[in-house]
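Please look over the sequence and the 3D structure below. Then use this briefing as a guide to them.

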Amino acid sequence: MFKPALQDGHNRRVSYVRISVTDRCNLRCRYCSAPEFHSHFREEILSYEEIERLVRVLVTMGIDKVRLTGGEPLTRRHLDTLVARLSAIDGIRDISLTTNGVLLEELAPALKAAGLKRINISLDTLRRERFREITGRDRFDRVLAGIKSAFKTGFDPVKLNVVVMRGVNDDEIVDFARLTREYPLHIRFIEYMPIGATSDWSGGEVVTGAEILERVAAACGRLEAVAAAPGSPARLFQLAGAPGRIGVISAMSDHFCATCNRIRVTADGRLRPCLLADREFDLKELLRGNAGSEEIAALVRRAVAGKSASHTLSCNAERKCARVMATIGG
Ligand code: SAM
């Protein structure tokens, strides 16, 4: 079937959607949620039927990759049924998940059976007490069990997302990097970003990708560059002989907007062309009204056409996104 490519105003092809399936979360990470944040009521969140319908429209526009995120996506019941619905759509070639791993031990087999291809698990520390301080919950062991379960179920690769914050967990950069010598894990160090909840943002907590790589190389030896998947935000490296990979996602210090191929859909059904720009389009209104597929596609095309060339945030910027990350989905 011929699918016209969805192209933005800067000649970037958009082929990837990240969908937040809930803004609820079972952790309270200090940098991601906000004390005053209240999640939406169930009826305000897109239903699985609405998400499936939307993805069916997006597929006709050339989107072939979906990532499910949140909030914590595994807190939404029967997520495997959504994965199964989406993987049955002709033209979807990749479905992945970003999760905090707390509920993964039990759910990994059903998700895999439903068609989930890849998993990213967020873990910012290897220390139980620090985990409780960062996330507000004592769930470290649950996350480790989730990671083990992802391996056992056969997900390959298993990626760990580590948001690096100076003075919070940057003393563990080398410990995380060394894990790649023991396990076929991909450790993805993510620069801390000024999104909603980070109200005390000063930029000082950002540890740049360059500094992360320097610190790893100083402690572990030479890092060899490895090719990353096309459109991937990560620059990838490998320690000599290591089965795992080390990636850095330098969203602040060295942004990768020029190769951005993605759009996002928030839990409450808004299309957000750029993670770091508060410009959104109401898809839910169309999905719940009598809008036909062409009308939905027209809104998507309009939103994508106006996608900015690059975000304007930097390590020193004052400006912050208004939304908290938990509602956008990472
Ligand atoms: N609950 C899931 C999880 O923990 O992976 C999915 C949603 S979470 C918003 C997605 C990713 O965004 C996580 O890896 C999280 O660490 C990251 N994240 C949240 N706030 C961030 C911030 N201010 N800067 C950088 N990354 C952030």
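Predicted model: local features only at pLDDT ≥ 70, side-chain atom pairs only at ≥ 80, totals over all residues.

Residues are numbered from 1 along each chain as its sequence is written, and side-chain values use heavy atoms, with hydrogens and water left out.

**Around the ligand**

- The ligand has 18 residues around it, and Tyr-31, Gly-71, Glu-72, Ser-122 and Met-193 come nearest. A residue is near a molecule or strand if one of its heavy atoms lies within 4 Å of it.
- A polar backbone atom of Gly-71 is 2.9 Å from a nitrogen atom of the ligand.
- An N or O atom in the side chain of Glu-72 is 3.0 Å from a nitrogen atom of the ligand.
- An oxygen atom of the ligand lies 3.4 Å from a backbone N or O atom of Thr-99.
- On its own, the ligand has 550 Å² of accessible area, and the protein covers 95% of this. Accessible areas come from the Shrake-Rupley method with a 1.4 Å probe; for residues, only the protein chains shown count as cover.
- Strand S5 (94-99) and strand S7 (158-164) are the elements that give two or more residues to the shell around the ligand. Helices (H or I, at least four residues) and strands (E, at least two) are DSSP runs, numbered from the N terminus.
- The shell holds 6 nonpolar, 10 polar and 2 charged residues. Ala, Val, Leu, Ile, Met, Phe, Trp, Tyr, Cys and Pro count as nonpolar; Asp, Glu, Lys and Arg count as charged; the others, Gly among them, count as polar.

**Helix H2**

- Helix H2 (residues 79-87) has Leu-79, Leu-82, Val-83 and Leu-86 buried. Buried means under 20% relative accessible area, exposed over 50%, and partly exposed in between (1.4 Å probe, protein chains only).
- Seen down the axis of H2, the buried residues fall within an arc of 100°, so they line one face of the helix. The arc is that of the directions from the helix axis to the C-beta atoms.
- The cover over these buried residues includes helix H1 (48-60), strand S4 (65-69), S5 and helix H3 (104-114).

**Two loop residues**

- Asn-26 sits in the loop between strand S3 (16-20) and H1. Asn-26 is buried, at 17% relative accessible area.
- The side chains of Asn-26 and Asn-100 make a polar contact (2.8 Å). A polar contact is a pair of N or O atoms within 3.5 Å; within protein, one must be able to donate a hydrogen and the other to accept it, and residues adjacent in sequence count only if both atoms are side-chain atoms.
- Leu-103 sits in the loop between S5 and H3. Leu-103 is partly exposed, at 30%.
- Leaving aside residues up to four places away in sequence, Leu-103 touches Asn-26, Leu-74 and Thr-75. Contact means heavy atoms within 4.5 Å.
- Leu-103 and Arg-142 are 39 residues apart in sequence, yet 7.2 Å apart in space, C-alpha to C-alpha.

**Backbone angles**

- Most residues other than glycine have a negative phi, and most peptide bonds are trans.
- Asn-11 has a positive phi, near 60°. Asn-11 is exposed, at 64%.
- His-78 has a positive phi of about 55° and lies in the loop between S4 and H2.
- Asp-156 and Pro-157 are joined by a cis peptide bond, with omega about 0°. Pro-157 is in the loop between helix H5 (140-153) and S7.
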